[in-house]
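Trainee: I am new to this structure. Please take one part and walk me through it closely, then show me how other parts compare with the chain as a whole.

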Amino acid sequence: MPYNMKREEFIKMCGLLGISLPFQSVMAACTSGDDENTANISTKVIIIGAGAAGMTAGYLLAQQGIDFEILEATSAPGGRMRHNTSFTDFPISLGGEWLHVERGILDEIVNDSSMAIDLETIAYDANVDYGIDASTGEQLTLGEVGFTIDQKFVGSSWFGFFEEYIYPSVKSRIKYNNPITTIDYSKDRVVVTNKNGTQFTGDKIIVTIPVKILQNGGIDFIPALPQSKQEAINSARIWNGCKAFIEFSEKFYPAFTAYETFPETAGQKLYYDAAYGQNTTKNVLGLFAVGIEADSYNQISDDNALRDFMLEELDIVFGPNLASSNYIKHTFQNWNAEPYANGAYIVDHENWRLVRTLGESVNNKLFFAGDGYTTGEDWSSVHAAGRSALRAVQEIMG
């Protein structure tokens, strides 16, 4: 990849060439009598965070017979994969929602050929589905909107996938309400300390918390991180983010309603049919907004005012009072307000070398995994978080 190629350009190039994003090699699961995978069997690994990367890392370590524990800052697993199962009759994803690569990513994360992934997904149909330009009303193809190989879960979600296939192997190893404030890797063993002063000791640490938390000084490292790593953390551009879901009595919108952001590096905004492909009669419209586009919603503190703001902009696009007259209810997720997220994710336009530096390990003791800690080939997605966890575990295994 050229030095100045950004994430979205790399993904677009792969699409034009008819190839998929690169899959990492999987590891053989540890079995009794398997000497090949027992070299580091006495290693204790501490994982910071029980999101996609943290749970994947723990799950893969369990396959290798490696001892681990996961320290989660909140009272529940999932991180930014959070979903809501009470708003309507199918799960709505308040965070990561789509599969942006082929369905095989699910098998890659599970890393067990004997396990069948019994989850339904649905791809968009370029012959039927389309979007519209919110400014002009012009019809847009799926490619113009940016959705080509993307799929949605049917009756489930990214969180549902982890809940069914990954979480059972790690649930007994997760310790909740443990926000970490200090990581001391100055000695042979690494000591991590939570906000109450409780300490946990391990041989290796996998840090999976959002980059924004590190930017905001959420964790003190002893000794300080290498200058290149700290500079990458401080320089990474991270979008603000929010999602909303609105139920209507009638469907008056296409698969996608796209908004153009100026400049395009400043954010993204999209209304989309959240009920697409679901076994439901409900009409639910989703809103995804990051960067400056999210600010318009996150800055509205009154829920009724937020509702009116969204309905007014939809009325402008689809016709006077059309959205307002069909409104039933809504829900909203402000990711900036989440104390252990502080935002959405690293911008799509970031330099891939910076992202690669974020993902590099330190002193063979500190390992980093998550949607922002990758090899620079891809980032800011659930599948990228899963692959980064696989890479970290492979490094630990040597």
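Mentor: Thr 257 is found in strand 16, which covers residues 256–259. Keep in mind that this is a predicted model. Is Thr 257 buried or exposed? Its relative accessibility is 1%, and buried means under 20%, so Thr 257 counts as buried. What does Thr 257 touch, once neighbours within four places in sequence are set aside? Its contacts are Ile 132, Ala 134, Leu 270, Tyr 271, Val 317 and Phe 318. Leu 287 is 30 residues from Thr 257 in sequence, and their C-alpha atoms are 9.4 Å apart in space.

Now set that residue in the whole chain. The protein chain has 398 residues, and buried residues make up 56% of them. Its secondary structure comes to 13 helices and 20 strands. Take the contacts with a separation of 6 or more: 72% of them join residues 24 or more positions apart.

Four strands form an open sheet, in the order 12-11-10-14, with mixed pairing. Strand 12 (199–202) and strand 14 (220–222) stand at the edges; each has a single partner strand, so one side of each is left without a neighbour in the sheet. Neighbouring strands here are turned by 20° against each other on average, direction ignored.

Look inside that sheet at strand 10. Strand 10 spans residues 180–184 and strand 11 spans residues 190–194; they pair in the antiparallel sense over four bridges. The two form a hairpin, with five residues between them. Strand 10 also pairs with strand 14, in the parallel sense, over three bridges. Thr 182 shows both pairings. Its bridge partner in strand 11 is Thr 193. Its bridge partner in strand 14 is Asp 220. Ile 183 stands opposite Val 192 in strand 11. Four of the five residues of strand 10 are buried, so strand 10 is largely enclosed by the rest of the structure.

Helix 2 also sits inside. At 1.5 Å a residue, helix 2 should span 16 Å; its end C-alpha atoms are 17 Å apart, which agrees. Just after helix 2, Gly 65 takes a positive phi of about 75°.

Helix 8 gives another picture. Helix 8 covers residues 227–235, and its buried residues are Lys 229, Ala 232 and Ile 233. Seen down the helix axis, they fall within an arc of 100°, so they line one face of helix 8. What covers the buried residues of helix 8? The cover includes helix 7 (211–215), helix 12 (352–359) and strand 20 (366–368).

Finish in a loop. Ser 157 lies between strand 8 (151–153) and helix 5 (158–165). Its relative accessibility is 0%, so Ser 157 counts as buried. Ser 157 touches His 83 and Ser 93, not counting residues up to four places away in sequence. With His 83 there is a polar contact: the side chains of Ser 157 and His 83 are joined at 2.7 Å.

Technical notes
Residues numbered from 1 in each chain as written. Predicted model: local features only at pLDDT ≥ 70, side-chain atom pairs only at ≥ 80, totals over all residues. Heavy atoms only, no water. Pairing = 2+ DSSP bridges. Axes fitted to C-alpha atoms, helices over the stretch in contact; angles between N-to-C directions. Expected span 1.5 Å × (residues − 1). Buried < 20%, exposed > 50% of the residue type's maximum accessible area, 1.4 Å probe, protein only. Polar contact = N/O pair within 3.5 Å; in protein donor to acceptor, adjacent residues only side chain to side chain. Contact = heavy atoms within 4.5 Å. Arc of directions from axis to C-beta.
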